[in-house]
2 protein chains.
Amino acid sequence: MKNVIVGQSGGPTAVINASLLGVYRKAKELGANKVYGMVYGIQGLLEKRLVDLDEYLADSGNQELLKRTPSAFLGSCRYKLPEPALHHPTYEKIFAILRELDIDAFFYIGGNDSMDTISKLSTYSCMTYSDTLFVGIPKTVDNDLAITDHTPGYGSACKYIANTLKELVRDGLVYQNPVISVVEIMGRDAGWLTASACLVKDDDCEGVEMILLPELTVDIPHFLQKVGAIVKQGKSAVIAVSEGIKVADGRYVCQLADEGTQKDPFGHVRLAGTSRYLADLIAQTYGCRTKSMELSFMQRSASHCQSLTDVTEAESLGAYAVQLAYEDKSGIVATLVRTSNNPYNCKLDYSAVHHVANAVKKIPLSWIDGENYQVTQELVDYIRPLVEGHLEPIWDKGLAKHLILKK
Amino acid sequence: MKNVIVGQSGGPTAVINASLLGVYRKAKELGANKVYGMVYGIQGLLEKRLVDLDEYLADSGNQELLKRTPSAFLGSCRYKLPEPALHHPTYEKIFAILRELDIDAFFYIGGNDSMDTISKLSTYSCMTYSDTLFVGIPKTVDNDLAITDHTPGYGSACKYIANTLKELVRDGLVYQNPVISVVEIMGRDAGWLTASACLVKDDDCEGVEMILLPELTVDIPHFLQKVGAIVKQGKSAVIAVSEGIKVADGRYVCQLADEGTQKDPFGHVRLAGTSRYLADLIAQTYGCRTKSMELSFMQRSASHCQSLTDVTEAESLGAYAVQLAYEDKSGIVATLVRTSNNPYNCKLDYSAVHHVANAVKKIPLSWIDGENYQVTQELVDYIRPLVEGHLEPIWDKGLAKHLILKK
């Protein structure tokens, strides 16, 4: 291997930097001279904003910090490449830069949209008989990528969400006077993150009473009837809801509230507000105490609560992507294939990137108990291993230490 | 010592159960026969809802779990005792139960209102020549108790808030396109919790750009002008705001928004919404991208992010309260007196409870730099030691394990 380049793209996760570390370490092991980082993904590459990763990662202490740093160390982008066509100036510019830097392999860590980038670049590469190899590394807290069993970033977000919900269950039970707490969790089209609420119920916790996922539309009267049964028992309860839940006519639940409050200052519908709408509806219907909360952006960057399984897999996938390029493969994405739940085992594999790009994987309907607003044991068994193990932060004066790029 | 009784009162914290453990251990060490717990505080005591703590805490493994369990293990209440008067039925009932149980000493872990309970009970005890001793143990995430240097619960909440804000700073910087994130933190009258945002700035973090505290009224045009300077530089920024900030005419900032959205279904003003109001105002004024977030109830029960300093002090204060009763003291509250910042040192002391009850301690104005929406080094030096050290949760299948009462 001569030189390689790596970029990060799409939304932050708690472990996207572990994949970056995997790429760096493996490329160095396989003899790469330079490992370049694109600052702000492909968008930064187009502006030639690059960093030589040796500057930061030759130091093993910094490697440990990088693994524990949330968000994207290199910076990220949401940049959609145009359709590949010969002589297209965007592609000509990218490939000129890659030639200039003498790049063997291009790695991109991201979700659906980022795999679209890998797909287009490898297509253009074939069209122009370029030697550069293009390999994708999956990443997204949403876990909505096709083919791969799950995505790095998902397990740590679930670990944060489930631990937080477990604390909120205790918090809600503190007084004799019951309270219904509605907690809003990320997930516009797929309920994977919200489903992690199923982990909370155990010998030492009453669990989350209801789980509302966007895979099923919400029937408001039926929902209220179920809540009414809880209120009647005088119990406190936590209800977990995906931000993207909809009613049968296709409107988001948050749009049912006064329209004026549900748009941002530019008039765009905002999904936030689902938990508040439902909490208010419950209070109005039953005259009981309610609370609404949103886990918001905290849930995707909570590196102080990383799953060791997740960190390890993220790093392994980064390293494996380099191995695949070393074996001259291109236009592919590294994936995880689960071979066993108990004991948990996943092996590394890969797939043509066009199978993954732009597809959305939802929770199988057979894993959802819609009548009772719960999920099945299959879903519990699927998520549980992904949150196991804990990577302790490196604490400095009470705060988790990070590695940051001097931009 | 014969028998003692202990209750928890007011809002949850991450370490109120460490104080409960301190009471239990010390009482046993000093020869107490029974250590009773009031289930749901004084309200539960009036219903004779009691638990013999040996059932749970004779086991040392359970003791370790209790220390790491958020919210109030025994359950809590917000119950205001009437003014003490001879033959008052509420007091007669309480003291009859205490006589029946042969109670030497009564411990109550709580904030301002709970110290009011201790004050009234000890007054009644004097009026009736009762032998029972009454000692308070401070607790509140708000840190607004008089006399004591700080309150158990505050340090862990600060640790959670500062670590979360540090992650949100990284999250906000992920794209080239800047974003102004407004994060709302608890604090109606005192800004102690929000002030912990000052810990975030360090070699490895850009820090929180502005801190808005309820100790000073907000001048909206001045605030917008400062934000404008940030927007002009094209920087992403995090702004930390207390839920209780007000404008000069006495209205809460959240009340400046459309009135209809700022009341709960029963017509009560709700403080939540401050961050959203300011984020929308900034977006409307400067046409920039903004986000709003609320740390909500997550910040007071985040036992997965406990400060070891806080846990240790909470337990010590519980134990010290028992020691004080053993020395025949009553009508007092155990306190912390800071003797040094560096190295950090606090000694245990006590004060007459009426000095603490119902008083609210705010941040000294000399510690706030209102012009720049920052705090002074004195405030950094005050908070820093309180978040130091980390008590690792006891993980079980990826989740922090708790000890719960079978009610």
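Is Asp328(B) buried or exposed, and how many other C-beta atoms lie within 10 Å?

Mentor: This is a predicted model; local features need pLDDT of at least 70, side-chain atom pairs count only at pLDDT 80 or more, and totals for chains, interfaces and linings use all residues. Residues are numbered from 1 along each chain as its sequence is written, while chains are lettered from A and ligands numbered from 1 in the order in which they are written.

Asp328(B) is exposed, because 10 other C-beta atoms lie within 10 Å (buried means 20 or more, exposed 12 or fewer, partly exposed in between, with C-beta atoms placed from the backbone). Its phi is positive, near 75°, and Asp328(B) is not a glycine. The residue sits in the loop between α11 (308–326) and β10 of chain B. Helices here are DSSP runs (H or I, at least four residues), as are strands (E, at least two), numbered from the N terminus.

Follow chain B past that strand. Pro343(B) lies in the loop between β10 (332–341) and β11 (344–352). The peptide bond from Asn342(B) to Pro343(B) is cis, with omega near 5°. Chain A has a cis bond from Asn342(A) to Pro343(A), omega again near 5°. There, Pro343(A) lies in the loop between β10 (332–341) and β11 (344–352) of chain A.

Now a positive phi in chain A. Tyr129(A), not a glycine, has a phi of about 55°. Its loop runs between α6 (112–127) and β5 (133–138) of chain A. Tyr129(A) counts as exposed because it has 6 C-beta neighbours inside 10 Å.
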